[in-house]
Protein chains: 2
Amino acid sequence: MKNIKTTKKSAGAGKKSGISSAVIHRLPRYFRYLRELMQNNVLRISSNELSERMNATASQIRQDFNCFGEFGQQGYGYNVKYLHSQISEILGVSEHYNAVIIGTGNLGRALARSKIFVNRGMTLTALFDVDKGLVGKKFDDIFVYDMADLEKYCEENKVDIVVLTMPRDCAYDIAKRLSKTNIKGIWNFTGAELAKSTIGKPIENVHMGDSLMTLCYKIKSAEKAKVEK
Amino acid sequence: MKNIKTTKKSAGAGKKSGISSAVIHRLPRYFRYLRELMQNNVLRISSNELSERMNATASQIRQDFNCFGEFGQQGYGYNVKYLHSQISEILGVSEHYNAVIIGTGNLGRALARSKIFVNRGMTLTALFDVDKGLVGKKFDDIFVYDMADLEKYCEENKVDIVVLTMPRDCAYDIAKRLSKTNIKGIWNFTGAELAKSTIGKPIENVHMGDSLMTLCYKIKSAEKAKVEK
């Protein structure tokens, strides 16, 4: 295959400051789809093909990628592996982060058993719980530590991302404890609305119920469309 | 308290066709916050106060609400209970849906034990699994049915929303089976990308890893900002 020249600006350079949060939110989808293409040994894809699959116009896709530099060449499409690696770099997914999960309830265990970390080049290194009956046990080879040892563990080990799955009431206190450690970010499933401005660390609050409400809206819209036909 | 006159257009009327998906995605956040205000017995709130909490400008909030009709009056702010009920109606959350969960692994159990359904006026009525060892058991009073009886159950009971938490490989086949039933929508956690165009039902695909990648991006941006300082 002919080697296509691309203008390889370094990812994230140039127009970075102007990147809208809408673009940022689309990148994980591109990342997922490109990973699938790589798994299926697809080497090259056009923005039209990406567009069909991604539910976005080809022009929007070209615009999105242009925010970060030039990834493709008119008429030749995108090199899948290169595009995937660049999006990984932009998203910071290629940093080989270590993650720990606080809370070993059903959600904590579901995340621990999923491929969610490994699929993004991360390693889950520990679980934490207040329940002394669980401390010292292992779930799928991941050791459960005592919550009392959280700071000590963070000091002695490289911990980048902390996943909060314990009850909501203690979310703020635990986040405050984490704010004094060297961890890099908090992935928060507790339902509490934590803000970077109060905790001092990047935070992503997950509200799963929001997507359930989006589904409700889609159902309502579909029913309305049926009635109006 | 003085009763404020508002121009009560019926929710969803008027400009509805022009509502962007960005607005729709903000509504669940308003819904959540207004529910909290109600729980704290707050009766009235200004768009400025909403703005501070919601990380959106007051003008954006006013614009969002105007998409659906007039909810507030200049200088008086919004009636919290009324606004909450209108947003519930727009989102279709006030329909008292019944939900069932397919898959009783950790994620299925986490959802079953959460307040995610009850907080939105829904009732979780059944769990389904292929594992004969689990069929007939109960988790928190919710009965586990055999996957072989899915269609029969949907025929004999009102099922509105089906939550998919089983392994990804069977997502498409099960969604196809559901497409022939009377259910209204699918909330899909399997990681498979299901489309309404192929299944014929409204679908919300949840990719939890996407928000993990958004966190990675926030971490990377924060580190970059620190270096640039």
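**Close-up views of a two-chain predicted model**

**View 1. Strand S8 of chain B pairs with strand S9 of chain B.** Four bridges join S8(B) to S9(B), residues 185-188, and the two strands run parallel. The model is predicted. In S9(B), B:Ile186 is the bridge partner of B:Val162.

**View 2. Strand S4 of chain B also pairs with S8(B).** S4(B) covers residues 98-102 and runs parallel to S8(B), with four bridges between them. Here B:Ile101 has B:Val163 of S8(B) as its bridge partner.

**View 3. Side chains leave S8(B) in two directions.** The strand spans residues 161-164. B:Ile161 and B:Val163 point one way. B:Val162 and B:Leu164 point the other way. All four are buried.

**View 4. Chain A meets chain B.** The contact involves 59 residues of chain A and 59 residues of chain B. About 5,100 Å² is buried between the chains, with 64% from carbon and sulfur atoms. On the chain A side, A:Asn106, A:Met213 and A:Tyr217 lose the most area to chain B, together 14% of what that side buries.

**View 5. A salt bridge links A:Arg168 to B:Glu36.** The N to O distance is 3.2 Å. The interface of chain A and chain B holds 12 salt bridges. Polar contacts join 20 residue pairs between the chains, both residues at pLDDT 80 or more.

View 6. Elements giving two or more residues to the chain A side include helix H1 (21-39), helix H4 (80-91) and helix H9 (208-228). H9(A) gives the most, with 17 residues. The residues of this side divide into 29 nonpolar, 10 polar and 20 charged.

Technical notes. Residues numbered from 1 in each chain as written. Chains lettered and ligands numbered in written order. Predicted model: local features only at pLDDT ≥ 70, side-chain atom pairs only at ≥ 80, totals over all residues. Heavy atoms only, no water. Contact = heavy atoms within 4.5 Å. Buried area = accessible area lost by both parts, 1.4 Å probe. Salt bridge = Lys/Arg side-chain N within 4 Å of Asp/Glu carboxyl O. Polar contact = N/O pair within 3.5 Å; in protein donor to acceptor, adjacent residues only side chain to side chain. Nonpolar A, V, L, I, M, F, W, Y, C, P; charged D, E, K, R; others polar. Buried < 20%, exposed > 50% of the residue type's maximum accessible area, 1.4 Å probe, protein only. Pairing = 2+ DSSP bridges.
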